Amino acid sequence: MNTLEAMHLSEASQAFLDSELGSFVNNEWVRPDAESVSVIQDPCTTEVIARVAKGNQSTLNEAVEAAHLAFNDWSRLPAVERAVYLHRLADALERNFDTIAEIESLDVGKAIVNTKGFDIPFGVDCIRYFADLATALPADTPLAIKNMEAKIHRVPYGVCGFVFPWNFPYNLLLWGIIPALAAGNTVVIKPAELTPLSTLFVAKLAQEAGFPKGVINVVTGSGSVIGSALCSHPKVKRMSFTGSSEVGKQIGEACGRALIPCKLELGGKGAAIVFEDADLDLAAEQLSAAITFNTGQVCCTATRWIVQESVADTFTEKVVAKLKAVKIGHGLAADTGMGPMASEKQLNTVIDYLETGKAQGAKAILDGERLQPSGCEKGYFMSPSLLSGDSSNICFKEEIFGPSAYLTTFKDEEEALAQVHSIDYGLANSVFSEDLDKARRVADRMICGNNWINAHNVFAYGLPYGGVNLSGLGGGVNSPETYYDYLRPQTVARPL
């Protein structure tokens with residue numbers, strides 16, 4: 001692989017990519033049909049970097065059964081003993097920091113500076129946060145009721161199923177399974193067929209860290225085969241899906257028919273309101289970074305820029321300069337600021353949206369173009385784009401999932417909020433203003449799971465993160481609410 005050699009891929013990463021990869025069931029690597037494989041490409045070059053054997057219905061059944069059998073012992077371990085296993089996994093990730101960062105960057109195409117600066121350390125922090133939280137939060141809550149000894153007693157559900165998307169395979173994996181494991185559940189994971197590598201590497205490290213058999217299971221393959229079977233399996237007691245709103249509805253419907261509780265972390269079409277009294281340099285920096293981070297393949301990014309008329313031209317000049325300055329190249333290159341789209345399909349989807357938006361009357365302030373960086377001529381690269389027009393345009397209303405934003409203008413606060421609420425997503429919005437009373441008032445009024453002031457993409461453990469409306473339902477991630485979301489409350493009462 002000449003291009004990879006030029007990027008100095010480590011021996012450890014290459015050895016993992018060259019190994020016989022498949023499903024991970026009951027602490028064993030399973031390849032039920034070595035001829036049925038997912039061919040994994042580097043989206044920067046389209047070179048094949050790995051082949052992963054697909055699981056089948058039998059593999060999925062074996063994984064769920066293994067998790068079901070392991071649940072009894074795992075759930076009965078004291079929380080502090082489960083925390084020991086989790087901290088060992090975090091230790092292993094830190095020891096293999098460069099390897100997992102390279103695998104994640106190569107699999108998705110994302111810039112290594114982001115993987116090393118955000119993805120990997122934030123994932124390690126996730127493990128340690130929930131490991132420690134599980135030892136600190138009580139399982140029981142006493143209830144003050146007249147003439148009664150009563151409490152809420154929280155217990156783990158059992159086997160928890162997870163279906164993850166392709167854009168943040170490592171972080172979303174840990175955000176999902178770690179609180180479930182800390183609470184005493186066992187897990188069966190269906191990673192994205194496009195980007196399974198970091199999930200499989202984490203499973204390898206969990207095995208090396210001594211996790212008991214059956215606690216963590218990974219079944220590779222398609223959503224139509226593995227995902228569909230997982231979300232209706234009778235021994236799955238809790239289900240979590242992260243992905244598009246359209247597929248989330250299908251998962252929710254299937255879980256509803258099987259009466260399996262389901263949490264859904266879905267798409268978004270974030271809005272950023274920029275008032276005339278905002279720090280425009282800060283707003284331009286934050287919003288340009290939002291649509292170029294992970295090449296805009298981020299559900300919570302702000303792609304609707306709603307800017308007050310009096311400063312629209314000035315803001316546009318500043319943000320276009322930021323977008324033009326982004327260094328685009330191979331994800332493993334140290335100076336790359338933005339890598340490619342994760343697949344040819346997603347690249348074509350973004351291009352189709354831009355063409356449709358312009359056909360509907362949008363003006364291209366900055367036109368997104370297909371690029372061919374040196375050494376990556378076959379990769380799925382495109383430049384950032386910025387369209388402007390009215391809020392009826394498809395590029396304002398629908399999630400594009402690429403390095404593209406749509407700018408509209410407003411006269412007053414009410415008009416800005418009307419634009420925010422003109423579509424039914426509700427994952428992450430932001431408001432930029434030096435008048436903090438106004439900023440707080442607007443943030444309180446926006447119907448959304450997460451509203452940020454003078455910043456976008458604000459994450460911290462202990463800060464709840466989740467969506468409403470088309471952006472999902474359930475306990476969200478990153479907070480004590482997430483941990484309790486994987487514990488089933490039951491009442492225990494004795495009349496006095």
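Mentor: Let us begin with a definition: two strands count as paired if DSSP finds at least two bridges between them. Please keep in mind that this is a predicted model.

Trainee: How many bridges join strand 6 to strand 22, and which residue stands opposite K151?

Mentor: In general, strands of a sheet pair through backbone hydrogen bonds, either parallel or antiparallel. Here strand 6 and strand 22 (residues 487-495) run antiparallel and are joined by 9 bridges. Within this pairing, K151 faces V492 of strand 22.

Trainee: In what order do the 7 strands of the open sheet lie?

Mentor: The order is 14-17-18-13-12-19-20, with mixed pairing. Strand 14 (363-366) and strand 20 (450-453) each have a single partner strand, so one side of each is left without a neighbour in the sheet. On average, neighbouring strands of this sheet are turned by 25 degrees against each other, direction ignored. Helix 12 (residues 312-324) packs on the sheet, where it touches strand 13, strand 14, strand 17 and strand 18, and its direction makes about 150 degrees with that of strand 13.

Trainee: Do strand 19 and strand 20 run parallel or antiparallel?

Mentor: They run parallel, joined by 4 bridges. V431 stands opposite I453 in strand 20. Helix 16 (residues 436-445) lies across strand 12, strand 19 and strand 20, at about 170 degrees to strand 20.

Trainee: Which residues lie closest to the centre of the second largest pocket?

Mentor: Of the 18 lining residues, these are R82, A139, R154, A183 and Y483. The pocket holds about 220 Å³ of space. Strand 6 gives the most to the lining, with 4 residues. By type, the lining divides into 12 nonpolar, 3 polar and 3 charged residues.

Trainee: How many aromatic pairs does the structure hold?

Mentor: A pair of aromatic rings is described by the distance of the centres and the angle of the planes. The structure holds 23 such pairs. One of them, F118 with F122, is stacked, at 5.1 Å centre to centre and 20 degrees between the planes.

Trainee: Why are F118 and F122 separated by about one helical turn?

Mentor: Because they are 4 residues apart in helix 6 (residues 112-136).

Definitions and conventions. Residues numbered from 1 in each chain as written. Predicted model: local features only at pLDDT ≥ 70, side-chain atom pairs only at ≥ 80, totals over all residues. Heavy atoms only, no water. Helix = DSSP H or I, 4+ residues; strand = E, 2+ residues; numbered from the N terminus. Axes fitted to C-alpha atoms, helices over the stretch in contact; angles between N-to-C directions. Contact = heavy atoms within 4.5 Å. 1 Å grid on protein atoms, 1.4 Å probe; cavity = no way out; pocket = protein on both sides within 12 Å on 5 of 7 lines; lining within 4 Å. Points joined across faces, edges and corners; volume = space filled by probe spheres on them. Nonpolar A, V, L, I, M, F, W, Y, C, P; charged D, E, K, R; others polar. Phe/Tyr/Trp six-rings, centres within 6.5 Å; stacked < 30°, edge-to-face > 60°.
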